[in-house]
Every structure is written in C-alpha cells, then in structure tokens.
Amino acid sequence: MSTIKHILVPTDGSEGALKAASFAGDLARSLDARVSLLLVQSDDLLVASAWGASGFPAGPPQGTMSVEEVRNMLEKRVREKELPDTVKALGKLNAAPELATTWGQAAEEISRFATENYVDLVVIGSHGRSGIRKAILGSVSHAVANHAPCPVTIVR
C-alpha cells in the first residue's frame with residue numbers, strides 16, 4: 001500500500017461533509033498528511049439563485065441580480081461559512097489545509113482536482129445537500145468513488 005501524504009476533503013458544509021472532515025483530520029494527524037479542502041459550486045445554483053428559487057436572496061425584486069453578482073455572493077458565503085466550518089471540523093493539523101473552490105459538476109471537479117494535485121486519498125461524506133437532485137443525478141460520493149484516480153473513503 002502506498003503512503004498517504006495528501007488527503008482531499010470535498011465539502012459543501014453539510015453534516016455529512018463535516019463528519020468526513022473530522023475523520024480526515026484524525027487520519028491526517030496520525031499519518032502526518034496534508035489536507036486540501038475543495039468546495040465545488042454548481043452553475044445550476046447560479047441560475048436558481050438569480051431567479052430567487054434557491055432560498056438565496058436574489059434582491060428586490062427577486063431575480064434582478066446579475067449572475068456575476070450572485071456568483072460573488074455565493075463565493076463570499078463559502079469563504080465565510082462552509083470553508084471555516086469545515087476547517088474547524090478538521091481540528092488542529094500540523095499544517096494549515098489548502099482551501100480551494102471551483103465551479104462545475106461536483107464529481108468531475110473533485111476527480112480532476114485529485115488528479116492534478118496528486119491526492120493520495122479522497123475522504124467524502126456519504127450525503128450532502130443534494131436532496132431531490134441526488135435521486136435524479138445520483139450520488140456525488142458514488143461517482144467520485146468510481147472515477148477518482150486514488151482510493152476514496154466514504155464517511156457516514
């Protein structure tokens with residue numbers, strides 16, 4: 001078995017992602033591995049948010065914000081809420097985790113990041129915030145397990 005020196009934790013700020021981060025933090029401490037956190041945002045969320053359909057305030061009247069304004073607000077929320085919550089769930093590490101965000105399809109972007117950044121292990125939550133989208137589009141964790149270039153641990 002190869003040595004695990006780089007762990008990727010995809011996050012969406014959900015309870016499942018935070019459990020995965022806690023597990024990854026414990027593992028990283030015991031292996032002295034570095035950790036990268038990746039939050040992938042979907043362009044589908046941009047459209048829904050711009051229309052005011054995602055529960056994200058589109059401004060008065062609803063739907064008047066530009067896609068760029070919505071993108072900036074969503075990125076601000078990620079920097080202020082989801083990533084700090086996930087860093088906290090990791091616990092104290094020997095080195096600060098790398099924080100990355102991107103836009104696209106979650107499973108594809110997670111697998112791409114793992115390939116391009118020589119990740120040795122992906123630790124992902126079994127359930128995110130997908131709700132009905134999970135039933136329609138399938139599980140992100142399942143897709144990552146099938147396409148990542150390295151082992152994947154799914155945390156419940």
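Student: How many salt bridges does the structure hold?
Tutor: The structure holds seven salt bridges. A salt bridge here is a side-chain nitrogen of Lys or Arg within 4 Å of a carboxyl oxygen of Asp or Glu. This is a predicted model: local features need pLDDT of at least 70, side-chain atom pairs count only at pLDDT 80 or more, and totals for chains, interfaces and linings use all residues. Residues are numbered from 1 along each chain as its sequence is written, and side-chain values use heavy atoms, with hydrogens and water left out.

Student: Which residue meets Glu-15 in a salt bridge?
Tutor: Lys-19, at 3.4 Å from N to O. Helices are DSSP runs of H or I with at least four residues, strands are runs of E with at least two, and both are numbered from the N terminus.

Student: Is Glu-15 buried or exposed?
Tutor: Exposed, at 58% relative accessibility. Lys-19 is partly exposed at 40%. Buried means under 20% relative accessible area, exposed over 50%, and partly exposed in between, with a 1.4 Å probe and protein chains only.

Student: What does Lys-76 pair with?
Tutor: Glu-80, with the closest N and O atoms 3.7 Å apart. Both sit in helix α3 (residues 67-90), four residues apart. Lys-76 is partly exposed at 43%, while Glu-80 is exposed at 54%.

Student: And Glu-82, buried or exposed?
Tutor: Buried, at 4% relative accessible area. Glu-82 forms a salt bridge with Arg-77 (3.6 Å, N to O). Salt bridges that share partners also join Glu-109, Arg-112 and Glu-116 into one network.

Student: New topic. Where does Ser-36 lie?
Tutor: In strand β2 (residues 34-41). Ser-36 counts as buried because its relative accessibility is 0%.

Student: Which side chain does Ser-36 make a polar contact with?
Tutor: The side chain of His-6, at 2.7 Å. A polar contact is a pair of N or O atoms within 3.5 Å; within protein, one must be able to donate a hydrogen and the other to accept it, and residues adjacent in sequence count only if both atoms are side-chain atoms.

Student: What's the overall layout?
Tutor: The protein has six helices and five strands. Along the sequence they run β-α-β-α-α-β-α-β-α-α-β. Of its 156 residues, 40% count as buried.
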